[in-house]
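Please read it alongside the sequence and the coordinates.

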Amino acid sequence: AGKTTFINLLLRFYDPTEGAVLVDGHDIRTLRQCDLRDSIAFVPQEPLLFNATVRDNILVGRPDATDEQIYKAAGQARAHDFITTMENGYETIIGEKGMRLSGGQRQRLALARAFLRRAPILVLDEAASALDSENEALVQQAVVELAKDRTVFIIAHRFSTLSVVDRILVFESGEIIGDGTSQELEKSCPLYQELRRRQKVD
């Protein structure tokens, strides 16, 4: 539908052939790429985790952080409780790609990294797609906390994931065909209506 293209344009993996992407009124092509990417925390559907300790994986977001800041970020991401129950707590090795963690734990660890980074823009790409309802609720609570004083983009197919947003863009075939609140789109966007109807049936 165009969501991957949207992310790639925002992160400036490539530039638009027409128009411009603006952040605070500035064309991102006028910014240094390192400055742009320092301003964005990206949590993909499959978080990039390393065969290292929980602490080191969170520190990727901000290598100079103190223990207190790490614990605070993990708490905000609803990750601290499960981390402290692991065999070595924050010093537990989680395996390549976090293979020793559940899907929900991996996502919350990635969110802790994003909390620690404190970037003004957060992009979540299907961050709750593999989660059960309990873990999805925990991640949503973390996102609400993280969204304070930030711009947050949530890429999602599940409508339950969108319950915390105040504006929705509907993509189809590379175009934005709907833009508004859920109530507005229920009245104005046939595709949105159809998708909601399907999920209610499921």
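Just after α1, Arg12 takes a positive phi of about 60°. Helices here are DSSP runs of H or I with at least four residues, strands are runs of E with at least two, and both are numbered from the N terminus. The model is predicted: local features need pLDDT of at least 70 and side-chain atom pairs count only at pLDDT 80 or more, while totals for chains, interfaces and linings use all residues. Residues are numbered from 1 along each chain as its sequence is written, and side-chain values use heavy atoms, with hydrogens and water left out.

Within α1, the residues Ile7, Asn8, Leu9 and Leu10 are buried (buried is under 20% relative accessible area, exposed is over 50%, and partly exposed lies in between, with a 1.4 Å probe and protein chains only). Their cover includes α2 (33-38), β3 (40-43), β4 (121-125) and β5. Helix α1 spans residues 3-10, and Asn8 belongs to it. Leaving aside neighbours within four places in sequence, Asn8 is in contact with Phe13 and Tyr14, where contact means heavy atoms within 4.5 Å. Phe13 sits in the loop between α1 and β1 (22-23). Not counting residues up to four places away in sequence, Phe13 touches Asn8 and Arg37.

## Buried residues and C-alpha distances

Tyr90 is located in the loop between α5 (80-84) and α6. Not counting residues up to four places away in sequence, Tyr90 touches a list of residues including Thr53, Val54, Arg55, Ile58 and Ile70. Thr161 is in another loop, between β5 (151-155) and β6 (168-172). Relative accessible area is 17% for Asn8, which is buried, and 7% for Tyr90, also buried. Thr161 counts as buried at 11% relative accessibility.

| Pair | Separation in sequence | C-alpha to C-alpha distance |
|---|---|---|
| Phe13 and Gln33 | 20 residues | 9.4 Å |
| Tyr90 and Ile70 | 20 residues | 9.6 Å |
| Thr161 and Glu126 | 35 residues | 8.7 Å |

## Packing of α6 and α7

Two packed helices are described by the angle between their axes and the distance between the axes. The axes of α6 (residues 103-117) and α7 (residues 133-146) come within 10 Å and cross at roughly 5°. That makes α6 roughly parallel to α7 (angles under 35 degrees count as roughly parallel, over 145 as roughly antiparallel, 65 to 115 as roughly perpendicular and the rest as oblique). Axes are lines fitted to C-alpha atoms, for helices over the stretch in contact, and angles run from 0 to 180 degrees between N-to-C directions.

On the α6 side, Gly104, Arg108, Leu111, Ala114 and Phe115 take part; they meet Asn135, Leu138, Val139, Ala142, Glu145 and Leu146 in α7. By class, this contact of α6 with α7 has seven nonpolar, two polar and two charged residues. Ala, Val, Leu, Ile, Met, Phe, Trp, Tyr, Cys and Pro count as nonpolar, Asp, Glu, Lys and Arg as charged, and the others, Gly among them, as polar.

## The chain as a whole

The protein chain has nine helices and seven strands. Its radius of gyration is 18 Å, close to the 17 Å that the globule rule gives for 202 residues, so the chain is as compact as a globular protein of that length. The radius is taken over C-alpha atoms, and the rule is 2.2 Å times the number of residues to the power 0.38. Of the 202 residues, 41% count as buried. Among contacts between residues at least 6 apart in sequence, 62% join residues at least 24 apart.
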